[in-house]
Amino acid sequence: MFLLATITIIGQNYVVLRSGAFRFRQEDILGMPYYEPLMWGFYALSIKRWVYDRKDVLSPVERRNIVAFLLTGLVFGLWSFNSLFLTLASSALLLLLFFWFHDRTDLRAAGYALGMGLAVELFGVHTGQWSYPSPVLLGLPLWSLSMWLSVGILFNRFLLPVSAWLAQKISAKHSS
């Protein structure tokens with residue numbers, strides 16, 4: 001799961017950074033500091049640790065989970081050149097995600113990701129690690145709220161089930 005989150009964010013961050021939606025002060029690899037992709041692996045582990053308990057049922061890998069992941073990548077890839085467009089598009093996407101995925105675990109994951117994301121964003125912006133060209137509130141663009149809520153839902157509906165599926169495939173291959 002850590003590795004999948006790390007690999008996934010490299011492409012997504014690269015596209016959004018190229019559009020100018022935000023900028024890191026330190027640009028080591030593809031416009032981001034060397035530690036940035038690893039942080040997303042940590043965020044995923046943090047969500048898993050603090051949101052899930054043993055009673056939670058893992059969501060299966062379904063077509064709409066993959067579609068939700070791909071749509072999110074498209075929205076942040078296509079509209080990140082304009083903060084207003086990205087806010088509108090990511091908010092509409094968030095409504096779709098909540099329409100599709102709204103069980104207790106989705107809501108807990110979204111809420112936790114939002115809280116964690118705000119802490120990360122505020123720390124990063126106010127220590128000068130990164131900046132946004134058109135901040136609206138506390139140095140942040142409005143689309144950062146829909147982004148972090150989407151992170152929680154996609155963790156629950158895409159990253160966790162896909163990483164569990166991959167782990168099962170790898171385990172089955174090594175046990176045979």
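How exposed is E27, and what is its relative accessible area? In this predicted model, E27 is partly exposed, with a relative accessible area of 39%. Its salt-bridge partner is R23, and the closest N and O atoms of the two side chains lie 3.1 Å apart. R23 itself counts as exposed, because its relative accessibility of 53% falls in the range over 50% that the term requires.

This pair belongs to a set of four salt bridges in the structure. Another of them joins the side chains of R64 and E62, with an N to O distance of 3.4 Å. Here both residues are partly exposed, R64 at 33% relative accessibility and E62 at 30%.

In contrast to the partly exposed E62, D106 and R157 are both buried.

In soluble globular proteins, nonpolar side chains tend to be buried together. In this model the largest nonpolar core contains 42 residues, and within it I47 and W148 have the most contacts. At least two residues of this core come from each of the helices α1 (2–19), α2 (36–51), α3 (63–78), α4 (83–100), α5 (104–126) and α6 (143–175). The greatest contribution is that of α6, which supplies ten residues.

The surroundings of I47 can be described residue by residue. When neighbours within four places in sequence are set aside, I47 is in contact with Y52, A109, Y112, A113, M116, V151 and F155. Among these partners, A109, Y112, A113 and M116 fall within the span of α5 (104–126), while V151 and F155 fall within that of α6 (143–175).

## A glycine in helix α3

G73 is found in helix α3, and its relative accessible area of 22% makes this residue partly exposed. The classification follows because a residue counts as buried only under 20%, whereas G73 has 22%. Between the C-alpha atoms of G73 and L45 the distance in space is 21 Å, and the two residues are 28 residues apart in sequence.

Definitions and conventions:
Residues numbered from 1 in each chain as written. Predicted model: local features only at pLDDT ≥ 70, side-chain atom pairs only at ≥ 80, totals over all residues. Heavy atoms only, no water. Core = buried A, V, L, I, M, F, W, Y, C linked by side-chain atoms within 4.5 Å. Buried < 20%, exposed > 50% of the residue type's maximum accessible area, 1.4 Å probe, protein only. Helix = DSSP H or I, 4+ residues; strand = E, 2+ residues; numbered from the N terminus. Contact = heavy atoms within 4.5 Å.
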